[in-house]
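Student: I have a sequence and a structure on screen. Could you show me how to read the features, one at a time?

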Amino acid sequence: MSFIGIYILTLLLAMLFIGFVNPKTKGLIAVLGTIVLSVIACVPAVNVLANNAFQCRFAGSWLTGVINIVIDPLSAWFVLVICFTMITSVLYGQQYMQAYAERRSALSLHWISFLLVHAGLISICVLQNSIAFLIAWELMAFSSFVLVIFEGEKMRTIRAGVNYLIQSHIGVVLLTIAFVWVAAVTGTFDFSGISQFVATQSKAANFGLMLMFFIGFAFKAGFVPFHTWLPHAHPAAPSHVSGMMSGVLIKIGIYGIMRMLILINVNYLAVGYFILTISIITGLYGVMLAIVQHNLKKLLAYHSVENIGIIGIGIGVGCLGLGYENQILAIVGFAGGLLHVLNHSLFKSLLFYGAGNVYQATHTMDIEHFGGLIKKMPQTALLFLLASLAICGLPPFNGFVSEFIIYNGLFSGINASFSMPSILMFVAAMAGLALIGGLAVMCFTKAFGIVFLGEPRKQFHSEPKEFGLAKLLPMYMVGILIVAIGLFPQYFISAIRNVLAQMVGLDMSATILPLCCETITQISWYMIGFVVLVVIVLAVRNLCSSRLPKAEGETWGCGYLAPTPKIQYTASSFVRTYRRLAKPVLQIQKKSVGVDGIFPQAASYSTEALDRTETSLIRTPLKFFRLILSKLSVLQNGCLQNYILYGLLFIVVALGFLFICHLIKIFVNYLNTIL
């Protein structure tokens, strides 16, 4: 039996067993099924990255034609990224979902949907037929919708899920139009038809096709302004689902864009400038909104938008390298983007797992309520800090590696003898990437400091405590890989050599990338040496001070004789100066109750950061649409006679329209006979 047959049989058996066992066993079967499915998918993927191609053909049907299942280097890379994150997600989720053991039927649907999402993601990466691709895409989209609305008794969860489903299907519509356009011209639904389309159509048509594919995939990836579902879906979903969605689900949009860049030989300069521009905007806009969020998971969701922008910057640089026929620029750009796909899937899933631990310990995601959790949950705090340093792009962690490679690409673009506008574009991209990194440091200083440091700001119903090894194990798995990539980047960069050869058309990565690896490795180890030196100095200091006599005295309270947690920085006060500077971009909604008077009673003041893009493109049009519907509500008056009258009027109008059309037809025929 082939890999595909074993995969389908394993999937069906796992889904069947989940429906008939007790709640705890459901999670164990999901864990076992995900691991087996991942191994089956990873074996050919690893072989492909080792230069052994994998391809299978199915007869299909009269509609689809031959369905090619191909694992090429690009597919193999994304399959490996998907499988690792899905394994850590199901391991963490099996423990996370034990809090919902009483919801037997909901758990069955949840874990079956999880397996279907896994199957959908893998299928999208390997299918080379547009109809089969769209079916797999729909399977992935609807199954992930079911995962998001697990807590369907909450109205905001249903709204977030419906919002996600609608926007996903807007992307599906665009992809369907693009695939049908190709099929109408070439007569085939195979992906080879896309290359045939490009060879026969004008440059404008090819660019239009690429733009349609980009927007369709951008809805899933989360590029601005197609990102508005992320900040709602991620907080609504269970934390392991949030980690999976941010780690790999949105990356399937990146896969689609890169697949089309291989198939569509378009004007890479125009595409490169377009992707680079929208990616800079995406990265900056995402991190600027993340800083002012009070919901921890919503903060992390906006950082997914930011990191999609960083990946897009790498892809844009790679496209410009292809357009300028600069192999170094192309390889470094695509290498940074591809490696950041892996890196972001790691540290972002770890951050969401950490947020899940915090939520289940405190039953809230409001950052303003936290404080001092490092004393109660030290391992969760350490792992969250590790992921925070990685997402900020600091050595010696994995985020630094991919961002350093992208910086190299931008420097290469500046140093190359291009035109002045292109050099200015590279400078703007570098400034944008640097600003993204600086704002990310500020954001996670706030997030980690307010949540884990200081004193508790609120007394919870139950005392927060650390979770057991079973729940922390997948988090440690991710953390170890984050450090390993930072210290030994050469092994992971060498894994994408064949992918780069496929994207660029020539394997020069063997001579270019080792230079980056050597520099990155040196910086990472120097950072390790600096940390070790600081630890040694502190140890010697403590050893010396322990032998000295100790004098105790009152600590100066800075004028506060009765210290209280209320004098600590809050999430809002920490970013108050930034919020004022970024006021033209941000949309802050302020709410205050009882703050008037000299001695206000029960006063409260709160702020909420809104998304201007969402307000302009979704909330305002919906508000206008509701206003129109409210004007028409007078027709719904509950009177049966009026409803019968509406029906009669509709029939009269329809018959009148047909009669007018018939008269026009008679008149036209009369004119034809005269003329």
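Tutor: Start with one residue. Valine 90 touches Ala30, Val31, Thr34, Trp111 and Phe114, leaving aside residues up to four places away in sequence. Contact means heavy atoms within 4.5 Å.

Student: What should I know about the model itself?

Tutor: This is a predicted model, where local features need pLDDT of at least 70, side-chain atom pairs count only at pLDDT 80 or more, and totals for chains, interfaces and linings use all residues. Residues are numbered from 1 along each chain as its sequence is written, and side-chain values use heavy atoms, with hydrogens and water left out.

Student: Where is valine 90 placed?

Tutor: Valine 90 is in helix H3, residues 73-96. Helices (H or I, at least four residues) are DSSP runs, numbered from the N terminus.

Student: Does valine 90 count as buried or exposed?

Tutor: First the cut-offs. Buried means under 20% relative accessible area, exposed over 50%, partly exposed in between, with a 1.4 Å probe and protein chains only. Valine 90 has 0% relative accessibility, so it counts as buried.

Student: How far apart are valine 90 and serine 246 in space?

Tutor: Their C-alpha atoms are 14 Å apart. In sequence, valine 90 and serine 246 are 156 residues apart.

Student: Serine 246 sits in which helix?

Tutor: Ser246 is one of the buried residues of H10. Helix H10 covers residues 239-249, and eleven of its eleven residues are buried. Among them are His240, Met244 and Leu249.

Student: How do I check the length of a helix?

Tutor: The expected span is 1.5 Å times one less than the number of residues. Take helix H11, residues 251-263, with 13 residues. H11 reaches 19 Å from its first C-alpha to its last, close to the 18 Å expected.

Student: How many residues of H11 are buried?

Tutor: Twelve of its 13 residues are buried, so H11 is mostly covered. The buried ones include Lys251, Tyr255, Arg259 and Leu263.

Student: How do I describe two packed helices?

Tutor: Two packed helices are described by the angle between their axes and the distance between the axes. Axes are lines fitted to C-alpha atoms, for helices over the stretch in contact, and angles run from 0 to 180 degrees between N-to-C directions. Angles under 35 degrees count as roughly parallel, over 145 as roughly antiparallel, 65 to 115 as roughly perpendicular and the rest as oblique.

Student: At what angle do H6 and H8 cross?

Tutor: Helix H6 (residues 155-186) and helix H8 (residues 203-221) cross at roughly 155 degrees, and their axes come within 8 Å. H6 and H8 are therefore roughly antiparallel to each other. Their crossing is left-handed. That term applies if the near helix is turned anticlockwise from the far one by less than a right angle; right-handed is clockwise.

Student: Which residues make that contact?

Tutor: Tyr164, Leu174 and Trp181 of H6 are among them, as are Leu209, Phe213 and Lys220 of H8. The contact of H6 with H8 divides into 16 nonpolar, five polar and one charged residues. Ala, Val, Leu, Ile, Met, Phe, Trp, Tyr, Cys and Pro count as nonpolar, Asp, Glu, Lys and Arg as charged, and the others, Gly among them, as polar.

Student: What about H14 and H17?

Tutor: The axes of H14 and helix H17 (residues 398-415) come within 8 Å and cross at roughly 160 degrees. H14 and H17 are therefore roughly antiparallel. The crossing is left-handed. The contact includes His340 and Asn343 of H14 and Glu403 and Asn408 of H17. By class, it has ten nonpolar, eleven polar and one charged residues.

Student: And H14 with H21?

Tutor: Helix H14 (residues 327-362) and helix H21 (residues 497-504) have axes that come within 10 Å and cross at roughly 130 degrees. That makes H14 oblique to H21. This crossing is right-handed.

Student: Which backbone angles deserve a look?

Tutor: Most residues other than glycine have a negative phi, and most peptide bonds are trans. Glutamate 325 is not a glycine, yet its phi is positive, about 55 degrees. Glutamate 325 lies in the loop between helix H13 (296-323) and H14. At 71% relative accessibility, glutamate 325 counts as exposed.

Student: Where are the cis peptide bonds?

Tutor: One joins valine 224 and proline 225, with omega about 10 degrees. Another runs from proline 395 to proline 396, with omega near 5 degrees. Proline 396 is in the loop between helix H16 (378-391) and H17.

Definitions and conventions
Helices (H or I, at least four residues) and strands (E, at least two) are DSSP runs, numbered from the N terminus.
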